[in-house]
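User: I have a model open and would like to go through it piece by piece. Could you keep the answers plain and tied to what is on the screen?

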Amino acid sequence: MHRVGSAGNNGNSNRPRKEKRLTYVLNDADDTKHCAGINCLAVLKSSVSNGCNYLFTGSRDGTLKRWELGEDAATCSATFESHVDWVNDAVLASDNTLISCSSDTTVKTWNSLSDGTCTRTLRQHSDYVTCLAAAEKNSNIVASGGLGGEVFIWDIESALTPLSKSSDGMEDDCSNGVNGAANSLSVTNLRTINSNNSISSHTTQSHGYIPIAAKGHKESVYALAMNDGGTLLVSGGTEKVVRVWDPRTGSKTMKLRGHTDNIRALLLDPTGRYCLSGSSDSMIRLWDLGQQRCVHSYAVHTDSVWALASTPTFSHVYSGGRDLSLYLTDLSTRESVLLCMKEHPILQLALHDDGIWVATTDSSVHRWPAEGRNLQKVFQRGGTFLAGNLCFSRARVSLEGSTLVPVYKEPTFTIPGTAAIVQHEILNNRRHVLTKDTAGVVKLWEVTRGVVVEDYGQVSFDEKKEELFEMVSIPAWFAVDTRLGSLSIHLDTPQCFSAEMYSADLNITGKPEDDKVNLARETLKGLLAHWLIKRRQRPGSQASSNGDALSGRDISMRNLTHSRSEVDSNVENDSMVYPPFQFSTVCPPSIITEGSQGGPWRKKITELDGTEDDKEFPWWVLDCILNNRLPPRENAKCSFYLHPCEGSAIQILTQGKLSAPRILRIHKVVNYVIEKMVLDKDKPLESVNTDGAFAPGHGGQSQLSAVGDLSFRSGLKSWSKLRPSIEVLCNNQVLSPDMSLATVRAYIWKKPEDLVLNYRVLQGR
């Protein structure tokens, strides 16, 4: 079963439909830096002598960046943001087209010299897309491979040619996929191709272009390479064999065996006669495709080989991998030299003039000397060894204590990244998340504003977590992961709407202190504030700004749900974003989500233009923001009994079960007891039903009236001299007035049964 991103569910399923989620990715650093490992590199050389050269980097943070290269400088001139998962590979094709592939199962095309415009999203793969290959002299041909065992050969010019203006308009928007506006297929249907099936007709419906499928892999594909003319394609993966294809037809020509583990890197010489392969068995092999056999094996590394780069003449190969080492090997003499040692595994290499760019699992990129014009200078420095032809020969040399000294100690240039977050803890207040990054720095984030509120530096994460512990109980309304190197906050309906706080606890001024604030609703308002402004500025948007956001089909499908939804009555300040929910526009978060069409997409909140609708956004997000409507929620109330302490002479004020919001503070319960004692001591309990008190409910259970939440009646001030001092207990423990009912239940009561509270008058007061 393939791992597929956020997708719709089968309409024939009897299981409850799982709604699309909304994720926002936080960023507190300079947007010109990557914040996770660099998976791929591509160099664009200027066609004129004094022109500008560019380096493209693709990262595990889900973005690509373009670096303008100077003498000893690199300036980030564009960020390409649309993928919703790791960017795994990138190549340059004709007309300055940048092609990227991702674990989000898509291949995307970009105008490499633009400000980051995604020109097309191709959704042909059914699983993670791991690798790409381009033909140097026939740069219109690109191949893609992935974990689904699929290999596709694309004619980029044909893939980018729109069938009509309308479909072109949809597909030029990077938030939409290859499926145009007329495509009625679900995202799931777009991802059901595997290597054993013929290509489905959905591509014809949505775009009309069908790539050539190279069928034959039964398992995952990790590496591809193509010769300059685009007449030969090689692939490798978990099957441990090198497969050779004719990319013009997708037909298999041969299969080469020899490696004993996954093949992770491949190179073809310009003519297509020789192939180099790097494997998890630590070996590099040179294949003669004419003879269909391995002609040399090179035992250079002590662990998996993940990256290869060759000189233009294919006489020498640079190799790197899991053993943190970069080697240069002469393919004819078998002489090898250790160029440098890294702190992180090497993922990809890119030669550029006299240097070599090295990408690792770290967020920084380094350029090391390559001596491309005079390779003998490197070997003359000493420290060379002869690469054996058996994998254990290199390991034996290492075990015998023959320590190799790297030729270079420091890189000639570094493009710095920011440290990736590797550890996190959601605090009990459900607004703060504690994080630790690869540099050991511990920070405290406020997720409702997307900012770092405290930078503790390099301290103990566990000790800081204990120090920040609060005895509070708030429902888990969001989930967190750090897969992209930063905090990704996931909101799923209806769970995300389960957490509320009083405005006083959020320090919101100008709002009654007893007003309940739904954290998810206000967070969504903050995230989409820019989108709302843009939407209202659109011509003819008056009707839509009154809430008519969803299509007729969606509204008709969801009328039953809406009939049970809660409409927030506090709409007078509906569009206002309160300070605890105002997101930064300097380092704005990015939204990752999907609507009814087009698949998942990612954009900065400041780049939303107001045209996005239910095709791009989940319907429940628009329903909340535009229609002020929340779905039904569970556990918003807490049932409890209120009795005098044992042995107390105080009359019993109520006989039945009480119900109040989970967030109700104990001081409100104290107020309720005092009000009953002072105002209603001569009245039967049944007659009490006033604003601010418990109102008799059905079945003997009293429910909190909507107004005031147990607040005093205004006439109580004249009885202030008679006010007794009351304290409330649970399990014989005196409760702090600031505790909520939910906190008492979670930390003091600790039982599944209804909460029991006791009250008593403080003696001598």
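**A walk through the model**

Analyst: Let me begin at a helix end: just after α14, K750 takes a positive phi of about 55°. Please keep in mind throughout that this is a predicted model.

User: Which residues of α14 are buried?

Analyst: Helix α14 spans residues 741-749, and its buried residues are L741, A742, T743, V744, I748 and W749.

User: OK, the core next. How many residues does the largest nonpolar core have, and which have the most contacts inside it?

Analyst: The largest nonpolar core has 45 residues, and those with the most contacts inside it are L22, Y24, L491, L524, L528, W531 and W620. Two or more residues each come from the strands β1 (22-25) and β36 (488-491), and likewise from the helices α7 (519-527), α8 (529-537) and α12 (619-627).

User: Which element gives the most?

Analyst: That is α12, which gives 7 residues to this core. W620 lies within the span of α12, and, not counting residues up to four places away in sequence, W620 touches E19, K20, R21 and L22, together with L491, T493, C496, F497 and L524.

User: And what does the second core include?

Analyst: The second core is separate and has 28 residues, among them F640, I663, I666 and V670.

User: Back to β1 then. Which of its residues are buried on each side?

Analyst: Both faces of β1 are covered, with L22 and Y24 buried on one side and T23 and V25 buried on the other.

User: And what are the bridge partners of Y24?

Analyst: In β36 the partner of Y24 is I489, and in β40 the partner is I591. β1 and β36 run antiparallel and are joined by 4 bridges, while β1 and strand β40 (residues 590-593) are also antiparallel, with 3 bridges between them.

User: Changing topic: in what order do the strands of the open sheet with β6 come?

Analyst: The order is β6-β7-β8-β9, so to speak a row of 4 strands with antiparallel pairing. The edge strands are β6 (87-93) and β9 (118-122), each of which pairs on one side only, and neighbouring strands are turned by 20° against each other on average, direction ignored.

User: How many bridges do β8 and β9 share, and what stands opposite K108?

Analyst: Strand β8 (residues 107-111) pairs with β9 in the antiparallel sense over 4 bridges, and T121 in β9 stands opposite K108.

User: Where does N96 lie, and why does it count as partly exposed?

Analyst: N96 lies in the loop between β6 and β7 (97-102). N96 counts as partly exposed because its relative accessibility is 32%, which falls between the 20% limit for buried and the 50% limit for exposed.

User: What is N96 in contact with?

Analyst: Leaving aside neighbours within four places in sequence, N96 is in contact with L44, W110, N111, S112 and L113. N96 and L113 are 17 residues apart along the chain, and their C-alpha atoms are separated by 6.9 Å.

User: Last topic, the cavities: how many are there of 30 Å³ or more, and what lines the largest?

Analyst: The count comes to 5 cavities of 30 Å³ or more, and about 180 Å³ of space lies in the largest cavity. The largest cavity is lined by 20 residues, of which N27, D31, C35, R602 and K604 are the closest to its centre. β4 (63-69) and β41 (601-604) each supply at least two residues of that lining.

Methods. Residues numbered from 1 in each chain as written. Predicted model: local features only at pLDDT ≥ 70, side-chain atom pairs only at ≥ 80, totals over all residues. Heavy atoms only, no water. Core = buried A, V, L, I, M, F, W, Y, C linked by side-chain atoms within 4.5 Å. Buried < 20%, exposed > 50% of the residue type's maximum accessible area, 1.4 Å probe, protein only. Contact = heavy atoms within 4.5 Å. Pairing = 2+ DSSP bridges. Axes fitted to C-alpha atoms, helices over the stretch in contact; angles between N-to-C directions. 1 Å grid on protein atoms, 1.4 Å probe; cavity = no way out; pocket = protein on both sides within 12 Å on 5 of 7 lines; lining within 4 Å. Points joined across faces, edges and corners; volume = space filled by probe spheres on them.
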